[in-house]
Amino acid sequence: MTELLGQVAVVTGGGGGIGGAICRRLASAGAQIVITYNSDQGKARAAANTLAGGNHLILRVPVDDAESQTDLARAIAEKYGRLDILVNNAGVTKAVPHAALEDLDDETIDRIFRVNWRGAFASIRALKPLLMEGDGGVVINISSIAGRTGVGSNVAYCASKAALDSMTRSLARALAPQIRVLSVSPGWVNGEYARRMPRALIAEQEDKTPLGRIAEAEDVAQAVFAAVAHLRFSTGDIIPVDGGRPLG
């Protein structure tokens, strides 16, 4: 598959389960991948080792650090001279019951918004000049149906994903026509977080999902690839990858 041959893609948090699947899918279509990570270099390197092709890059880039973002843009310009795709995948959360307001402390709230929303915005801001060049680029924000349903790991996480979707719409208008901006919005994904949950909870989600299962990381990766390579007349849209869960 060569739909993305010669293109360059940044995937923030590319060493995680969803991030790694996205990296593999884009690389399999010919893209050169820049994997960024915050703390786990080992996971990032392991993800890079699974990628097809070559000339990939691994960099430590905390998304909430402006200087690191500037260094990332400089490194991409020097190594590749172009950037076509940015996938804002990095994110954090913490399980806090929605009714336990006293357990959702200010530090947790600030960290969630700093990484999930401000980090994505900062990545777009730093990489916009590269994405504007040539035929233009595409930004994919990895969101969540929690932003629409208000059901998720905690209230702040749901709000941060709603804010991310709002930013997708705002920037799709502001950066058009050179840059397309879309959200890919999964439901439950069978990854590290889901595996820490009681099996009965996951089974309940599966039973309430019309397609009878929760998503795999590869489902999210396929949606990202489709948005990049095939939905070329789409921008500002929120693309669900939830098996119809809100219908259940």
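Leu4 touches Leu26, Ala29, Gly30, Ala31, Ile85, Phe225, Val228 and Ala229, where a contact means heavy atoms within 4.5 Å and residues up to four places away in sequence are not counted. The model is predicted, so local features need pLDDT of at least 70 and side-chain atom pairs count only at pLDDT 80 or more, while totals for chains, interfaces and linings use all residues. Residues are numbered from 1 along each chain as its sequence is written, and side-chain values use heavy atoms, with hydrogens and water left out.

A nonpolar core is a set of buried Ala, Val, Leu, Ile, Met, Phe, Trp, Tyr and Cys residues joined through side-chain atoms within 4.5 Å; buried means under 20% relative accessible area, with a 1.4 Å probe and protein chains only. The largest such core has 37 residues, of which Leu4, Leu26, Ile33, Val87 and Ile140 touch the most other members.

## Cysteines

There are zero disulfides in the structure, a disulfide being a pair of cysteine sulfur atoms within 2.5 Å. Cys23 counts as buried because its relative accessibility is 0%, and Cys158 counts as buried at 6%.

## Second largest pocket

The lining of the second largest pocket comprises 15 residues, and Gln7, Asp84, Asp135, Gly136 and Gly137 lie nearest its centre. A pocket is an open set of points on a 1 Å grid over the protein atoms alone, where a 1.4 Å probe fits, with protein on both sides within 12 Å along at least five of seven lines; lining residues have an atom within 4 Å of a point.

Conventions
Buried < 20%, exposed > 50% of the residue type's maximum accessible area, 1.4 Å probe, protein only.
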